[in-house]
Amino acid sequence: MEELDGEPAVTVIPGVNSKKNQMCFDWGPGEMLVCETSFSKKEKSEMVPSCPFIYIIRKDVDVYSQILRKLFNESHGIFLGLQRIDEELTGKSRKSQLVRVSKNYRSVIRACMEEMHQVAIAAKDPASGRQFSSQVSILSAMELIWNLCEILFIEVAPAGHLLLHLLDWVRLHVCEVDSLSADVLGSENPSNHDSFWNLVTILVLQGRLDEARQMLSKEADASPASAGICRIMGDLMRTMPILSPGNTQTLTELELKWQHWHEECERYLQDSTFATNPHLESLLKIMLGDEAALLEQKELLSNWYHFLVTRLLYSNPIVKPIDLHYYAQSSLDLFLGGESSPEPLDNILLAAFEFDIHQVIKECSIALSNWWFVAHLTDLLDHCKLLQSHNLYFGSNMREFLLLEYASGLFAHPSLWQLGVDYFDYCPKLGRVSLELHMERIPLNTEQKALKVLRICEQRQMTEQVRSICKILAMKAVRNNRLGSALSWSIRAKDAAFATLVSDRFLRDYCERGCFSDLDLIDNLGPAMMLSDRLTFLGKYREFHRMYGEKRFADAASLLLSLMTSRIAPRSFWMTLLTDALPLLEQKQVIFSAEQTYELMRCLEDLTSRRPVRGESDIQQLQDEDIETTKVEMLRLALARNLARAIIREGSLEGS
């Protein structure tokens, strides 16, 4: 898309004086932080900020509206269904499915608009009421634009049928006539009601001629003097040729019939048949497509596109799509009359009538406050094969660019981010990279949310993000002293360094308390214990305790010795392992062989010979050293006794 034609709107931050002090800001994925600095633009000034606040500026505030959240949620399901439409479908079957999808989108917009309208009526605060009413107007404009795009770009209605669709479009969006009709018909004498002729005129302007005839019959009943001309006008309305949905007549036949009917109306005007009734004469001029007569009804038409459709109905009912832009531009100029400039909505509708899809999308992107509308409309038009040739200079196409922007806005919301994941999934070029960047920024406030994020990453084989999330959760668990959870997350992250750290914490806790926590986890480590040496040691050391508890002393002794001789056990834990060997050394039967005992003695001497020489120590350190010395002496004595018993036993076995 091209650059913006005008300057972007200025956002005023209350209390911040950007002319006096320098500002600093930081961009986020969906918002920006702004604050004043201590630096003044003038050299001589106090280094004190006048506004000591940090402001958060959000670009997509609509995601925080409760009602609009329903729009986002409902349209998400429609979007996913559209992506799954079989590409092999062609012709009418594919077109009918795309039209149905478009109508589903519009029904969601209308449902939100009606709910917003009810909230606006019930609002107690005038400011809130105005805000909700403004949202109703925006939603109404969105549905108006979408409906027109559906007619012109998706249904691609041909000449004749095109006008029928445009009439339905106007009737749907200019709906004041229904309340006016109820008001008039609800009175005792409808033909004497102040708004009677206004109602008849609006019905004629909207092409609702059957209803207009019924209203004229009430006038004929109430006023016998005008019954004859009312009957003539009713016959003209009844005989006006128009292409109905089930009609099989050709456009040429319709054009000939319409010319005859038009000439008949001209004769009645020239004969001054309705001169005695100005209201009926005005209706006749409207039905002749007289522009001056139509413009006299500006208040009843209310907008230029209503004027356009009425003008086409009574001057060129078989208008071709290619000629629409001429009638649209001239109707806009005639209706405004140079008194005012076109509004953004007018420019969007005009671009649609000119079949300039890219201009429609551009104007909507500028005028609307969020990316929902342009993202979904562009996606639908792309499925209609209408945007295939339009690629952007930075490597993506228009559809993907708008979907990326919309999904990024959803990620700014604490719960709607889950919808954004699916939108990224259907962006083939940049969706994966964008999703990875946004997933890393999601605040993991709860473990439930973290598991949800993790599941999404695992489903998409996002290995780095899975590791990152698991590390974060492992760190949180360690801070909360939940070692089992921390170990589980570090294993899931395949982070050997962190698994080593958590294993050390487990071993330290064991030394302090004399028992392990989270036994179920440690007992069922399985192949995961191979992640790091320390984790392997933790699993094997727990296995040693289990063997000892099951009185499998020989297996326990072999495992204990292998942990030390393989150097898999940390040196700081050797004394604990040797102390664990004491009960086995004191058993009645010889558990450790002479060779194994020599190995234990070597480990003990290796440990004691490398003990650092301490300087002056406090009382606690001296007591600890005394305990350590006592342990060493007890171990030496037990090892010596076991060695003697083992040599005698092995010698006697050899002799026998």
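# Notebook: looking inside a predicted model

I began with Phe 353 and found that, leaving aside neighbours within four places in sequence, Phe 353 is in contact with Leu 148, Leu 152, Leu 166, Trp 169, Trp 304, Leu 308, Leu 324, His 325 and Ala 328, where contact means heavy atoms within 4.5 Å. I note that this is a predicted model, in which local features need pLDDT of at least 70 and side-chain atom pairs count only at pLDDT 80 or more, while totals for chains, interfaces and linings use all residues. Residues are numbered from 1 along each chain as its sequence is written, and side-chain values use heavy atoms, with hydrogens and water left out.

**Helix 15**

I next looked up helix 15 (residues 344-353), and 7 of its 10 residues are buried, so this helix is largely enclosed by the rest of the structure. Buried here means under 20% relative accessible area, exposed means over 50%, and partly exposed lies in between (1.4 Å probe, protein chains only). Helices (H or I, at least four residues) and strands (E, at least two) are DSSP runs, numbered from the N terminus. The buried residues are Asp 346, Ile 348, Leu 349, Leu 350, Ala 351, Ala 352 and Phe 353, and I saw that the buried residues of helix 15 pack against helix 3, helix 4 (161-173), helix 13 (304-315), helix 14 (324-336) and helix 16 (357-367). After helix 15 comes Phe 355, whose phi is positive, near 60°.

**The core**

I then turned to the largest nonpolar core, which has 189 residues; such a core is a set of buried Ala, Val, Leu, Ile, Met, Phe, Trp, Tyr and Cys residues joined through side-chain atoms within 4.5 Å. Among the residues with the most contacts inside this core are Phe 353, Leu 166, Trp 169, Trp 304 and Trp 372. Helix 3 (residues 126-155) gives the largest share of the core, 12 residues.

**Aromatic rings**

I looked up the ring pairs, for which rings of Phe, Tyr and Trp (its six-membered ring) must have centres within 6.5 Å; planes under 30 degrees apart count as stacked, over 60 as edge-to-face and the rest as tilted. The count by this rule comes to 20 aromatic pairs. One of them is Tyr 105 with Trp 372, which is edge-to-face at 6.3 Å centre to centre and 80° between the planes. This pair links distant parts of the chain, since Tyr 105 is in helix 2 (residues 91-122) and Trp 372 is in helix 17 (residues 372-383), 267 residues apart. Tyr 105 is buried, with a relative accessible area of 0%, and Trp 372 also counts as buried, at 0% relative accessibility. I also wrote down Phe 196 and Trp 197, an edge-to-face pair at 5.2 Å centre to centre with 85° between the planes, and both of these residues are buried.

**Cysteines**

I checked for disulfides, meaning pairs of cysteine sulfur atoms within 2.5 Å, and the count comes to 0. Cys 149 is in no disulfide, and the nearest cysteine sulfur, that of Cys 364, is 6.8 Å away. Cys 149 counts as buried at 0% relative accessibility.

**Arg 208**

Last, I looked up Arg 208, which is found in the loop between helix 6 (196-205) and helix 7 (209-222). Arg 208 is buried, with a relative accessible area of 15%. Not counting residues up to four places away in sequence, Arg 208 touches Arg 171, Val 177, Asp 178 and Leu 203.
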